[in-house]
Amino acid sequence: EMYAKPVDPDMLNMVLSLFSAIFAFVISPFIYTLQGLADVESSIEDESSLNVESWIDQYPSRQFSQNFSDGIQCFMGTLDDTLQVRGYPEEAHCDYAYVIVLLHVFSIIVIGHAVGKICNAGAFKIMHRGISAGIILSVVSLFFYQVFVDDVDYGFIPNTYHIICSVILVIGSEIYHRVTLEMPSFETNFPAVQSLYDDEF
């Protein structure tokens with residue numbers, strides 16, 4: 001207990017966000033192509049400069065660096081309008097993109113503070129219920145976005161897959177958190193190092 005000290009929630013949140021960003025940066029080139037998995041084939045008639053016949057050609061991995069550069073320009077609001085419309089299979093919307101990004105960062109900070117307050121207050125059941133409610137809310141929101149805003153029907157199999165995964169997540173979360181667990185302790189503890197030569201004397 002000599003070296004035990006409370007964990008700074010802000011520092012913990014920053015470290016997790018940093019590692020998440022590093023992981024995303026490393027894995028993104030490998031999964032970039034998967035964006036076309038649930039997309040439809042594009043053609044000149046669809047106002048896209050691309051004309052591909054397979055989903056794997058929608059977002060080729062060799063264009064990842066160019067896509068990253070275009071994303072930065074989209075965030076800054078300097079991406080060419082023609083490229084927004086015809087540069088990718090799906091039309092890009094860069095208006096107020098920076099607002100969405102900043103709101104995302106702000107939400108991460110707020111959630112980190114909220115989780116810290118809940119844990120310090122010992123209200124773990126509220127946090128667990130909030131996780132389950134968040135899963136349900138996100139699935140319902142994305143479904144309404146898909147139907148009423150994006151106006152794309154991905155088909156029976158992808159929709160069923162999303163619903164089944166959501167149900168499994170909620171049920172798994174509920175079952176896991178109904179088990180009596182040891183109260184978590186938010187401390188770092190560095191035990192004393194035993195001498196390697198005690199047995200020789």
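Here are legends for a handful of close-up views of this predicted model.

As this is a prediction, local features need pLDDT of at least 70 and side-chain atom pairs count only at pLDDT 80 or more, while totals for chains, interfaces and linings use all residues. Residues are numbered from 1 along each chain as its sequence is written, and side-chain values use heavy atoms, with hydrogens and water left out.

**View 1. The chain at a glance, with 6 helices and 2 strands.** Walk along the sequence and you get β-α-α-α-α-α-α-β. Helices (H or I, at least four residues) and strands (E, at least two) are DSSP runs, numbered from the N terminus. Of the 201 residues, 17% count as buried; buried means under 20% relative accessible area, exposed over 50%, and partly exposed in between, with a 1.4 Å probe and protein chains only. Take the contacts (heavy atoms within 4.5 Å) between residues at least 6 apart in sequence, and 57% of them join residues at least 24 apart.

**View 2. The second largest pocket, about 940 Å³ in volume.** A pocket here, on a 1 Å grid over the protein atoms alone, is an open set of points where a 1.4 Å probe fits, with protein on both sides within 12 Å along at least five of seven lines. Grid points are joined across faces, edges and corners, and the volume is the space filled by probe spheres set on the points. The lining runs to 23 residues, and Gln35, Asn67, Gly71, Cys74 and Val101 lie nearest the centre; to count as lining, a residue needs an atom within 4 Å of a point. Helices H1 (9-31), H2 (64-76) and H4 (97-121) are the elements that give two or more residues, and H2 gives the most, with 7. By class, that lining has 14 nonpolar, 6 polar and 3 charged residues. For the record, Ala, Val, Leu, Ile, Met, Phe, Trp, Tyr, Cys and Pro count as nonpolar, Asp, Glu, Lys and Arg as charged, and the others, Gly among them, as polar.

**View 3. The disulfide between Cys74 and Cys94.** A search of the whole structure turns up 1 disulfide, meaning a pair of cysteine sulfur atoms within 2.5 Å. In this pair, S to S is 2.1 Å. The bond links distant parts of the chain, 20 residues apart: Cys74 sits in H2, and Cys94 in the loop between H3 (81-86) and H4. The torsion about the S-S bond is about -115°, so this disulfide is left-handed. Both Cys74 and Cys94 are buried, while Cys165 counts as partly exposed because its relative accessibility is 28%.

**View 4. Thr33 in the loop between H1 and H2.** With a relative accessible area of 12%, Thr33 is buried. A polar atom of the Thr33 side chain lies 3.3 Å from the backbone oxygen of Tyr59. Setting aside neighbours within four places in sequence, Thr33 is in contact with Trp55, Ile56, Tyr59, Pro60 and Ser61.

**View 5. Tyr96 and its positive phi.** Most residues other than glycine have a negative phi. Tyr96, though, has a phi near 60°. You'll find Tyr96 in the loop between H3 and H4, and this residue is exposed, at 61% relative accessible area.

**View 6. Met127 in helix H5 (residues 124-150).** Met127 counts as buried, since its relative accessibility is 18%. Look for Val115 in this view too: Met127 and Val115 are 12 residues apart in sequence, and their C-alpha atoms are 7.3 Å apart in space.

Conventions
Polar contact = N/O pair within 3.5 Å; in protein donor to acceptor, adjacent residues only side chain to side chain.
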